[in-house]
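Please read the points with the model open beside you.

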Amino acid sequence: MDHPSIQVLTSLFSQAGRLSANGREEVYDCPMCGGLGKLHFNRAGGKWYCFKEGRGGVLPQMGYSPGSPEITRGRQEVAYYAPDFRRLDDQYHPTQRPFYQYLFSRHCTLEVIRWFRMSYARAGLYKGYVILQVPVGDYFVGRKVLDGPGPKYLNAPLSKRGVICPTFTRPVDEAVIVEGVFDAISVGRVGPAIAILGKTLDHDQRVAIQGLVKSRIILLLDRDAWKEVMLVGGALALFLNVVHSAPPQGKDPGTMELEELKALPWSHCDEHVNWQS
């Protein structure tokens, strides 16, 4: 499939669209030229046309679902507007400034940004969200940066089964288990961490953790999740030594100070395993 067709497909799945005046076509904002309401699509014939650029085409297939690999790749290539890490001044570019300002406030170095292949969506369904790609697989996390309507998190339209988000790739003796990606980034300043992307743990996630951690887990979920702590801790205790911990009152792992993180019950604290391929 050519690149314009991927762009058009991405628009069909990320915008609401509306009917044209004659009722025979769907109207979208064009992802190629940015023209508002300039992209027209005839679903019956699969034909699309941009009235601003004066070009169109035919979509070769229409059997894609929003979570298919084709759409996932289309979103990655088109909708995210990923920064160009080859440009040293990219963090100062006006279109990327909200992205970097937010990430730097959440303890994200350029090394961490590259690790999660982070980007900032300026259009489409994820407009105003920072996109964090899970190191393995197609799953991603969307975190809202700008004020306005919409949920704080808007994640990939894919199954989360078996998905974990570690700060390292090589097996380690111990790691901290947290809920969210930014929790893992915060803890990753002092040692290896794994985000389970929620308060529950499925079988495939447990197996994935077992493949990365050899002996010991420090369980550090939010203070209000004591029931989930017992369930997750019980599941992990089947094959690992589990040590329970908790953030200080009024904080979560993502807002803990460096000294508070170092005071966790580590047996061996080594931040150098993080962000290494």
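1. **A term to begin with.** A residue is called buried when its relative accessible area is under 20%, exposed when it is over 50%, and partly exposed in between. With that cut-off, helix H6 (residues 203-212) has these buried residues: Gln205, Ile209 and Leu212. Seen down the axis of H6, they fall within an arc of 60°, so they line one face of the helix. An α-helix has 3.6 residues a turn, so residues three or four places apart point the same way.

2. **What lies over that face.** The cover on the buried residues of H6 includes strand S9 (165-166), S10, S11, strand S12 (213-219) and helix H7 (226-236). Now look at the start of the helix. Asp202 caps the N-terminal end of H6. A side-chain oxygen of Asp202 lies 3.0 Å from the backbone nitrogen of Asp204.

3. **The whole chain.** Keep in mind that this is a predicted model. The chain has 277 residues, and 46% of them count as buried. It holds eight helices and 13 strands. Take the contacts in the chain with a separation of 6 or more: residues 24 or more positions apart account for 56% of them.

4. **The largest core.** In soluble globular proteins, nonpolar side chains tend to be buried together. Here the largest nonpolar core has 43 residues. Which of them touch the most other members? They are Leu103, Phe116, Met118, Ile185 and Leu197. Several elements give two or more residues to this core, including helix H3 (97-105), helix H4 (110-115), strand S7 (129-133) and strand S8 (140-144). Strand S10 (172-178), helix H5 (181-187) and strand S11 (193-195) are also among them. H5 gives the most, with five residues. Apart from this core lies another, of 20 residues, among them Ile164, Ile194, Val213 and Ala235.

5. **Phe116 close up.** What does Phe116 touch, leaving out residues up to four places away in sequence? Its contacts are Leu132, Gln133, Pro135, Cys165, Pro166, Val181, Ile185 and Trp275. Follow one of these, Gln133. Gln133 lies in strand S7. Is Gln133 buried or exposed? Gln133 is buried, because its relative accessible area is 5%, and the limit is under 20%. The side chain of Gln133 reaches the backbone oxygen of Tyr139 at 3.5 Å.

6. **The three-stranded sheet.** S7 belongs to an open sheet with the order S6-S7-S8 and antiparallel pairing. S6 and S8 stand at the edges. Each has a single partner strand, so one side of each is left without a neighbour in the sheet. S7 and S8 pair over five bridges. Val130 stands opposite Arg143 in S8.

7. **The five-stranded sheet.** Another open sheet runs in the order S1-S2-S3-S4-S5, and its pairing is antiparallel. Which strands stand at the edges? They are strand S1 (18-19) and strand S5 (55-58). Each has a single partner strand, so one side of each has no neighbour in the sheet. Two bridges join S1 to strand S2 (residues 26-28). Leu19 has Glu26 in S2 as its bridge partner.

8. **Two backbone angles to check.** His107 has a positive phi of about 70°, although it is not a glycine. His107 is found in the loop between H3 and H4, and is partly exposed at a relative accessible area of 28%. Arg117 also has a positive phi, of about 45°, and is not a glycine. Arg117 lies in the loop between H4 and strand S6 (119-120). With a relative accessible area of 42%, Arg117 is partly exposed.

9. Phe239 lies in the loop between H7 and strand S13 (241-244). Phe239 is partly exposed, with a relative accessible area of 24%. Leaving out residues up to four places away in sequence, Phe239 touches Arg206 and Gln210. How far is Phe239 from Ser215? The two are 24 residues apart in sequence and 8.1 Å apart in space, C-alpha to C-alpha.

Terms used:
Residues are numbered from 1 along each chain as its sequence is written. This is a predicted model: local features need pLDDT of at least 70, side-chain atom pairs count only at pLDDT 80 or more; totals for chains, interfaces and linings use all residues. Side-chain values use heavy atoms; hydrogens and water are left out. A nonpolar core is a set of buried Ala, Val, Leu, Ile, Met, Phe, Trp, Tyr and Cys residues joined through side-chain atoms within 4.5 Å. Buried means under 20% relative accessible area, exposed over 50%, partly exposed in between (1.4 Å probe, protein chains only). Helices (H or I, at least four residues) and strands (E, at least two) are DSSP runs, numbered from the N terminus. Contact means heavy atoms within 4.5 Å. The arc is that of the directions from the helix axis to the C-beta atoms. A polar contact is a pair of N or O atoms within 3.5 Å; within protein, one must be able to donate a hydrogen and the other to accept it, and residues adjacent in sequence count only if both atoms are side-chain atoms. Two strands pair if DSSP finds at least two bridges between them.
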